[in-house]
Amino acid sequence: MNNEEIKLDELLTEENIDFISMKDSMKIEIKDNMKMESEDKQKTKVLRKKILNVTEELTDKEYLLYENLRNLRYELAKEEHVPPYIIFSNKTLANICIRQPHSLEEILEVKGVGEKKREKYGEKFIDAILQFEQQSPAIRQQEW
């Protein structure tokens, strides 16, 4: 045996082999985590882009209402343990902001709101619209 073979044999102890394999698995795990973070960032960009597409036709006043209704939708979704889009989609929220219904009959006219969702969420969203209007009378009277 030459000196290089002896040094290699000394290095290849069980402890060192375990350490080397652990180091390799950590590299793989780090790469997987980086890949997942990258995928999450892309999903976030896509979501932001979808929200921008839905809200770009809203006036400033309607956009403020949209943000209020999004918060309400988030709270309802959290209470019911469902994703927010199950309550109403972003597009439906935008349509509610454009129409600003004040009754259960009016909210039923909004695209994306059916009988079940009207019964389950209609009053809460109408109340939020009315409260928004009362809290910001200057906004209600202004032309945006």
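At 0% relative accessibility, Phe125 counts as buried, where buried means under 20% relative accessible area, exposed over 50% and partly exposed in between, with a 1.4 Å probe and protein chains only. The model is predicted, and local features need pLDDT of at least 70, side-chain atom pairs count only at pLDDT 80 or more, and totals for chains, interfaces and linings use all residues. Residues are numbered from 1 along each chain as its sequence is written, and side-chain values use heavy atoms, with hydrogens and water left out.

Phe125 is among the residues with the most contacts inside the largest nonpolar core, together with Leu69, Ile87, Phe88 and Ile96. This core has 22 residues; a nonpolar core is a set of buried Ala, Val, Leu, Ile, Met, Phe, Trp, Tyr and Cys residues joined through side-chain atoms within 4.5 Å. Two or more residues are given to this core by each of H3, helix H5 (90-99) and helix H7 (115-135). Helices (H or I, at least four residues) are DSSP runs, numbered from the N terminus. Leu69 touches Leu93, Ile96, Cys97, Phe125, Ala128 and Ile129, residues up to four places away in sequence not being counted; contact means heavy atoms within 4.5 Å.

Aromatic pairs number 3, a pair being rings of Phe, Tyr and Trp (its six-membered ring) with centres within 6.5 Å; planes under 30 degrees apart count as stacked, over 60 as edge-to-face and the rest as tilted. Phe88 and Tyr121 form an edge-to-face pair, at 5.9 Å centre to centre and 65 degrees between the planes. This pair links distant parts of the chain, as Phe88 lies in the loop between helix H4 (84-87) and H5 and Tyr121 in helix H7, 33 residues apart. Both Phe88 and Tyr121 are buried. The rings of Phe88 and Phe125 have centres 5.0 Å apart and planes at 80 degrees, so this pair is edge-to-face. Phe88 and Phe125 are 37 residues apart, and their pair also links distant parts of the chain. Ring pairs join Phe88, Tyr121 and Phe125 into a cluster.

Helix H3 (residues 60-80) has 21 residues and reaches 30 Å from its first C-alpha to its last, close to the 30 Å expected at 1.5 Å a residue; the expected span is 1.5 Å times one less than the number of residues. In H3, Lys61, Glu62, Leu65, Tyr66, Leu69, Leu72, Arg73, Leu76 and Ala77 are buried. These residues cover an arc of only 135 degrees around the axis, which puts them on the same side of H3; the arc is that of the directions from the helix axis to the C-beta atoms. H3 is followed by His81, whose phi is positive, near 60 degrees.
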